[in-house]
Amino acid sequence: MSSKDKADSLKDKTAGTAKEVEGKVSGDKAREGEGKMQKTVGKAKDILSDAKDAVKEKVDEAKKNMNKEKK
């Protein structure tokens, strides 16, 4: 996971947690829901970034194998 991706997902998870807690403390269900949603977006970004990294590794591996076969 790139540093930018990691920072972006961490920002969403942290902000989401803060909004969720704020909503719980203030009794604002909409704010609480907004926080849960933002936290979920952060987690989804983590998963997407991990998948992107896995695909990149497989593509790089395939390219490497193709180059070996050409020689």
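The structure is a predicted model, in which local features need pLDDT of at least 70, side-chain atom pairs count only at pLDDT 80 or more, and totals for chains, interfaces and linings use all residues. Residues are numbered from 1 along each chain as its sequence is written, and side-chain values use heavy atoms, with hydrogens and water left out.

**Overall form**

The chain contains two helices and zero strands; helices (H or I, at least four residues) and strands (E, at least two) are DSSP runs, numbered from the N terminus. The radius of gyration is 19 Å, well over the 11 Å that the globule rule gives for 71 residues, so the chain is more spread out than a compact globule. This radius is taken over C-alpha atoms, and the rule is 2.2 Å times the number of residues to the power 0.38. Along the principal axes, the C-alpha atoms fill a box of roughly 65 × 15 × 10 Å.

Of the contacts with a separation of 6 or more, 50% join residues 24 or more positions apart, where contact means heavy atoms within 4.5 Å. Buried residues make up 18% of the 71 residues.

The table gives the relative accessible area of each residue; buried means under 20%, exposed over 50%, and partly exposed in between (1.4 Å probe, protein chains only).

| Residue | Relative accessible area | Class |
|---|---|---|
| Ser2 | 34% | partly exposed |
| Gln38 | 16% | buried |
| Lys39 | 23% | partly exposed |

Ser2 is placed in the segment before helix H1 (3-26). A polar atom of the Ser2 side chain lies 3.1 Å from the backbone nitrogen of Asp5. Leaving aside neighbours within four places in sequence, Ser2 is in contact with Ser49 and Asp53. Ser2 and Ser49 are 47 residues apart in sequence, and their C-alpha atoms are 7.9 Å apart in space.

Gln38 belongs to helix H2 (residues 29-70), and Lys39 is found in helix H2 as well. Not counting residues up to four places away in sequence, Gln38 touches Asp12, Lys13, Ala15, Gly16 and Lys19. With neighbours within four places in sequence left aside, Lys39 is in contact with Asp12, Lys13, Gly16, Thr17 and Glu20. Lys39 and Ala51 are 12 residues apart in sequence, with a C-alpha to C-alpha distance of 19 Å.

Definitions and conventions: A polar contact is a pair of N or O atoms within 3.5 Å; within protein, one must be able to donate a hydrogen and the other to accept it, and residues adjacent in sequence count only if both atoms are side-chain atoms.
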